[in-house]
Amino acid sequence: MLYYPILNILNPMTTPPPSSPLPPQGRPSLDGLPSNGMLPLWRRIYQEFMIRSQRWDLPSNTCLALMHLHVHPEESEPAAMAEANFIPRQTATFILDTLEREKLATRRPHPNDRRRKRVQLTAKGHRLAEKIIHDLLQFETSALRAIEFSKVEALREVLSRYADALAEQNALDLKS
């Protein structure tokens with residue numbers, strides 16, 4: 001089984017499934033992180049979603065781009081897609097090559113500027129994006145059923161405040 005991490009700051013190499021009995025040699029460990037830190041938890045959640053995304057036989061960043069183009073067709077230029085998904089333009093080119101090879105998208109000339117291109121999902125691409133989105137929502141919903149509804153609402157509220165605090169910190173750091 002292949003693993004395609006897209007934004008794994010703690011371990012940029014492929015990661016074995018959680019059931020692996022031994023840690024891989026020569027890779028960073030999470031053991032040195034503070035026990036009250038959130039990074040190990042985000043890594044676990046990220047890892048579970050990446051494992052789930054493997055069922056479509058596409059790299060996870062390609063799945064994310066496919067869903068993005070489906071939900072935001074107005075951001076159909078490669079540069080806009082790269083910016084919206086926080087990926088380098090070169091990576092966006094690779095992703096678009098994959099989408100075209102799999103007949104999930106096509107690149108078309110821009111109507112006003114011959115140097116630019118627009119990306120358009122094919123019918124097959126739209127169907128797959130719908131399937132992926134539906135599956136991920138079902139996957140998340142099923143997991144959240146293990147938590148009492150009032151606690152899910154509290155979790156959402158706390159995580160929203162946490163995300164806002166991270167955004168504030170990024171804004172401050174980017175100013176300096």
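Asn61, Thr62, Ala65, Leu66 and Leu69 of helix H2 meet Thr91, Ile95, Leu96, Thr98 and Leu99 of helix H4. To meet here is to be in contact, with heavy atoms within 4.5 Å. This is a predicted model, in which local features need pLDDT of at least 70, side-chain atom pairs count only at pLDDT 80 or more, and totals for chains, interfaces and linings use all residues. Residues are numbered from 1 along each chain as its sequence is written, and side-chain values use heavy atoms, with hydrogens and water left out.

**The overall plan**

The protein has six helices and two strands. From the N terminus on, their order is α-α-α-α-β-β-α-α. Helices (H or I, at least four residues) and strands (E, at least two) are DSSP runs, numbered from the N terminus. Of the 176 residues, 26% count as buried. Buried means under 20% relative accessible area, exposed means over 50%, and partly exposed lies in between (1.4 Å probe, protein chains only). Take the contacts with a separation of 6 or more: residues 24 or more positions apart account for 52% of them.

H2 is mostly covered, with 10 of its 12 residues buried. Among them are Cys63, Leu66, His68 and His70. The cover includes H1, H3, H4, E2 and H5.

The table gives both pairs.

| Helix pair | Axis distance | Angle |
|---|---|---|
| H2 and H4 | within 10 Å | roughly 80° |
| H2 and H5 | 9 Å | about 105° |

H2 is therefore roughly perpendicular to H5. Angles under 35 degrees count as roughly parallel, over 145 as roughly antiparallel, 65 to 115 as roughly perpendicular and the rest as oblique. On the H2 side, the contact with H5 uses Cys63, Leu66, Met67, His70 and Val71. The H5 side includes Leu128, Ile132 and Leu136.

**The nonpolar core**

The largest nonpolar core holds 21 residues, and Leu66, Leu69, Met81, Leu99, Leu128 and Ile132 touch the most other members. Two or more residues each come from H2 (60-71), H3 (78-84), H4 (89-101), strand E2 (117-121) and H5 (123-144). H2 gives the largest share, five residues. Such a core is a set of buried Ala, Val, Leu, Ile, Met, Phe, Trp, Tyr and Cys residues joined through side-chain atoms within 4.5 Å.

Which residues does leucine 99 contact, leaving aside neighbours within four places in sequence? They are Thr62, Leu66, Leu69, Leu104 and Ala105.

**Helix H1**

The 15 residues of H1 should span 21 Å at 1.5 Å a residue, and its end C-alpha atoms are 21 Å apart, so the two agree. The expected span is 1.5 Å times one less than the number of residues. Arg43, Tyr46, Gln47, Met50 and Ser53 of H1 are buried. They lie on the same side of H1, because they cover an arc of only 120° around the axis. That arc is taken from the directions from the helix axis to the C-beta atoms. What covers these buried residues includes H2.

**A loop residue**

Glutamate 102 sits in the loop between H4 and strand E1 (105-109). Is glutamate 102 buried or partly exposed? Its relative accessible area is 34%, so glutamate 102 is partly exposed. Glutamate 102 touches Leu58 and Lys124, not counting residues up to four places away in sequence. Glutamate 102 and leucine 58 are 44 residues apart in sequence, yet 9.3 Å apart in space, C-alpha to C-alpha.

Methods:
Axes fitted to C-alpha atoms, helices over the stretch in contact; angles between N-to-C directions.
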